[in-house]
Each structure stands twice: as C-alpha cells, then as structure tokens.
Amino acid sequence: MSSKSIIYQLLPRLWGNGKLSSCDEAFADHLKSLGVDYLWLTGIPRHASGEDFVKGNPGSPYAVCDWYDMNPYLAEDPKRRMDEFRATVERMHTYGIKVLIDYIPNHVARNYQGMLPIHDWCDGDWTDTLKVDWQNPATEAEMLNILRFWASQGIDGFRCDMVELVPCEMLGRVIKSVKREFPSLLFIAEVYGKANYRLYLDTGGFDLLYDKSGSYDILRGIYSGSRSARELTWNWQSLGELQPRMLNFLENHDEQRIASPQFAGDPDGVWAALAFDLLFNDASFMLYAGQEAGENAEEGSDGRTSIFNWCKPKSLGLLYGSLHGLELTSPAKELLANYKELLSLSRLPLFMSGGVWDLCYCNLTSAGFNPDKHFVFARFDRESVWLVFCNFSSERASACVVLPEDFCRLADIDQEECLIDAPPRGYALIKCR
C-alpha cells in the first residue's frame with residue numbers, strides 16, 4: 001500500500017443494471033482515471049431481504065444472513081454468483097485496482113443461520129440485526145474462517161464496520177491470524193472515538209482508520225458555521241505520527257452527500273474541503289460513487305443515498321451512461337475534470353510524502369486572512385515548494401500570507417509573503433520554488 005491511497009466506495013446495486021457485470025472495463029478505466037487504488041464493493045455478503053424485519057426493500061447490506069454467500073440479486077446468473085464475483089475481482093486486478101468488501105463483526109441479520117454465537121438482542125435501533133457474542137470462544141474461530149473464506153476469493157482487504165462495539169484485543173487476534181496467511185490484506189476500521197485511535201491501530205492491527213471525528217466532523221461543521229478552521233490545526237497536531245494511517249472522506253453511505261442541500265448545497269462547494277483532505281497531509285482519501293459527478297441525493301429527503309431501498313441516484317446514472325457512449329452535461333464534465341485534476345495533483349511525490357507546514361499560526365492577523373474560514377499550508381521537498389490556501393467562506397478571499405523565517409530557511413526560499421486570491425469555497429495554489 002502506498003503512503004496515500006485513493007479508495008472508491010460503490011454500492012453495486014445502484015450502479016448500471018444493479019449487477020456486478022456493470023463493474024466492467026469502462027468502469028475500471030474510469031477508476032484508473034481518478035487514480036483509484038482500491039474499489040470498496042459495499043453490500044457483497046448475502047444480507048436479509050424480503051423478510052418482515054428488514055429495513056426497506058431490499059434491506060440493509062449490514063444485516064448479513066449468510067457470511068459464505070453473495071447477494072443473488074447482484075449476479076446475472078444467481079446460480080453462478082460466486083463465479084461472477086471472482087470474475088469481477090479479477091477484472092479489477094487486471095487494471096491494477098484492488099478490491100475491498102465489508103466485514104461486520106458486531107452483528108448479523110435476525111434470520112442468520114450460521115455458526116456465529118449470537119445474543120437475542122440488538123444494539124440501538126438496528127432492529128434488523130442481532131448482536132454477535134464475542135465472549136463465546138467459538139466466535140474468534142468462526143470470524144477467522146469468514147475472513148479466510150473471502151480472502152481466498154481474491155479480495156485485497158476489508159472495511160470493518162463499527163469495530164468499537166467488539167473487544168479490540170479479540171478482534172486484533174483474528175486480524176493477526178488471517179494476515180499470517182494473507183499478509184497483504186488491508187484492514188480499514190470505522191472508528192469514531194479519537195481516544196481509541198491508537199488502540200485500534202496498535203492492538204487491533206488495523207492499517208487505516210476513519211478520521212470521522214477529526215477531519216470530517218470539523219469540515220462538516222465549518223460548512224454549517226458551527227466550527228472553526230482553527231480546529232483543523234488542532235486535529236492535525238493531536239494525531240501527530242498517526243496522521244498517515246488516517247482515512248479522510250467527504251462522503252460515504254452513512255453521511256450526507258456534499259452536493260446535497262443539507263451539506264454544501266452545490267457540487268462546486270466541495271473544492272476547499274477536497275483540497276484540504278487531499279493535499280494537506282499523507283492521509284489516504286475515499287470517494288463515494290457519484291461524488292465526482294455531483295450526486296446530491298435528490299431522490300431522498302435527508303441528503304443521503306439510501307442503503308435500504310432500491311433507488312436510482314440521477315448523477316450516478318448519468319455517470320454510468322457517460323462511460324458507455326452518452327454525453328455528460330457541460331457542468332458535470334467540468335466538475336469531473338476538476339476532480340481528476342485535484343486527485344492527480346494529490347499523487348505527486350510532493351503531496352504524497354513531502355514536508356508539511358501549517359502556516360495558519362503566523363497569519364492570524366494577516367490582512368484578509370480569517371482563521372475561522374481560511375486555512376493555509378505549505379508542502380515542500382527538494383524539488384519544489386507549494387502553498388495551498390483553502391477558502392471555506394462563501395465570499396472570495398484575498399489575503400497576504402506571511403511566510404515565517406524558519407520555514408523559508410527550511411524550504412530554501414527567500415519569499416517573505418505571498419498574495420493569494422481564492423474563489424468562494426475554493427482553493428488557490430501558489431508555486432514558490
């Protein structure tokens with residue numbers, strides 16, 4: 001795994017004809033054009049559907065009823081569904097794209113019939129599930145069998161759901177065991193408590209953690225006006241050497257679409273946040289399918305693309321059509337091109353692993369700089385020095401950015417200040433060397 005990976009989340013039932021066959025060569029080409037390293041196929045293990053307890057129709061991908069099977073509705077020929085899954089994985093591998101699926105250690109569907117010991121109750125309002133009994137010694141062995149089964153199908157890792165609800169040490173033993181046989185597997189943890197980050201990295205053995213309670217919540221709050229850009233500095237300082245093992249994102253299946261009225265309200269409102277997430281540090285980044293086409297979840301009521309019901313997100317459909325002979329509208333084309341440009345920039349060595357210098361502390365009183373709505377930093381290496389200015393304000397920003405003497409000496413530049421102009425909710429890049 002590179003120091004900064006790009007992960008693309010897709011719920012296959014919403015893509016193309018709703019089957020894995022829609023994850024075709026044209027789709028793989030699209031992922032490569034975005035610089036994607038990993039495709040996370042959400043909702044592969046067979047989940048409860050058509051039962052009276054399920055949420056929506058066809059139901060939640062997070063209520064698994066059979067850990068050794070795939071959802072039949074994802075296959076052209078349901079009798080050969082696992083063959084079709086393996087073929088999809090192999091197709092992605094041909095394009096140099098690795099594949100992730102979900103691992104859900106905390107609960108199973110209410111009609112689960114497998115070998116995992118389960119309680120007769122659920123956590124919270126997840127009424128379509130029952131809690132897995134991790135105190136039963138049989139659980140670890142069966143969880144290891146489940147992970148080994150899917151790893152043997154050719155996948156490259158797991159996005160692990162709600163891991164804070166299961167014992168970290170026991171989960172860590174399972175991960176350590178499966179990695180002995182499949183050492184290249186990537187494990188991503190959905191973790192919310194920042195106090196637990198180090199625990200799930202060191203004891204849990206995870207490779208990447210959601211920085212949901214850090215970068216995501218802060219960026220979301222800046223957009224809503226409830227939080228300050230100053231907190232981005234504080235979060236970065238608190239993470240320290242853990243930063244390269246974070247996974248940043250602006251959307252996923254749990255969160256509101258950034259282009260929805262409930263978030264930025266406009267596909268072009270993304271650029272300041274996207275530039276921060278991709279360019280500020282060495283963390284990996286995750287895109288949610290359709291984000292690059294401005295999907296705003298207009299078919300729903302809360303800004304989210306449903307994971308419980310059949311739905312047809314408009315921009316996701318237009319994106320699929322554009323990969324198969326149809327034309328995107330001019331605004332969508334421009335949006336996609338801008339995503340590709342910023343994603344490509346993030347893969348340059350400078351932004352993958354170069355030095356980072358937060359410049360906000362020395363610009364608190366600089367002309368035109370608003371520390372609650374602006375964020376400025378430098379990335380540098382032996383070859384070049386770039387300043388990145390993120391403007392989270394709905395107003396255009398014009399600021400005189402001061403460059404401190406110690407930074408100039410380290411970066412080998414003699415420039416003491418820089419005039420920067422950035423569009424509303426946009427960013428500016430200045431090359432200093």
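**Packing, cores and pockets of the predicted model**

Leu336 touches His30, Leu34, Glu292, Leu319 and Leu328, residues up to four places away in sequence not being counted; contact means heavy atoms within 4.5 Å. The structure is a predicted model, in which local features need pLDDT of at least 70, side-chain atom pairs count only at pLDDT 80 or more, and totals for chains, interfaces and linings use all residues. Residues are numbered from 1 along each chain as its sequence is written, and side-chain values use heavy atoms, with hydrogens and water left out.

Leu336 lies in helix α10. Helices (H or I, at least four residues) and strands (E, at least two) are DSSP runs, numbered from the N terminus. Leu336 counts as buried, at 10% relative accessibility. Buried means under 20% relative accessible area, exposed over 50% and partly exposed in between (1.4 Å probe, protein chains only). Between Leu336 and Ala293 the C-alpha to C-alpha distance is 5.8 Å, although 43 residues separate them in sequence.

Ala293 also belongs to the lining of the second largest pocket, together with Pro267, Asp268, Ser315, Leu318, Leu328, Thr329, Pro331, Ala332, Glu334 and Leu335. The most come from α10, with four. By class, the lining has seven nonpolar, two polar and two charged residues. Here Ala, Val, Leu, Ile, Met, Phe, Trp, Tyr, Cys and Pro count as nonpolar, Asp, Glu, Lys and Arg as charged, and the others, Gly among them, as polar. The volume is about 180 Å³. The largest pocket has about 470 Å³. Of its 23 lining residues, Trp126, His253, Asp254, Ile307 and Phe308 are the closest to the centre. Its lining divides into seven nonpolar, eight polar and eight charged residues. On a 1 Å grid over the protein atoms alone, a pocket is an open set of points where a 1.4 Å probe fits, with protein on both sides within 12 Å along at least five of seven lines; lining residues have an atom within 4 Å of a point. Grid points are joined across faces, edges and corners, and a volume is the space filled by probe spheres set on the points.

The largest nonpolar core has 144 residues, and Tyr8, Phe85 and Phe392 have the most contacts inside it. Helix α8 gives the most to this core, with eight residues. A second, separate core of six residues includes Ala48, Phe53, Val54 and Ala109. A nonpolar core is a set of buried Ala, Val, Leu, Ile, Met, Phe, Trp, Tyr and Cys residues joined through side-chain atoms within 4.5 Å. Among the residues that Phe392 touches are Leu219, Leu232, Phe276, Phe375 and Arg425.

Leu232 is buried in helix α7 (residues 230-239), as are Glu231, Thr233, Asn235 and Leu239. The cover over the buried residues of α7 includes α5, α6 (212-224), β11 (246-249), α8 (271-279), β13 (355-358) and β14 (374-380). Gly240 follows α7 and has a positive phi, near 55°.

Asn281 is found in the loop between α8 and β12 (284-288). Asn281 is buried, with a relative accessible area of 4%. Its contacts, not counting residues up to four places away in sequence, are Lys4, Gln243, Asn248, Phe351, Val356 and Arg379.

In helix α4 (residues 168-181), the buried residues include Cys168, Leu171, Ile175 and Val178. The buried residues of α4 pack against β5 (98-103), α3 (137-151), β9 (186-189) and α5 (197-202).
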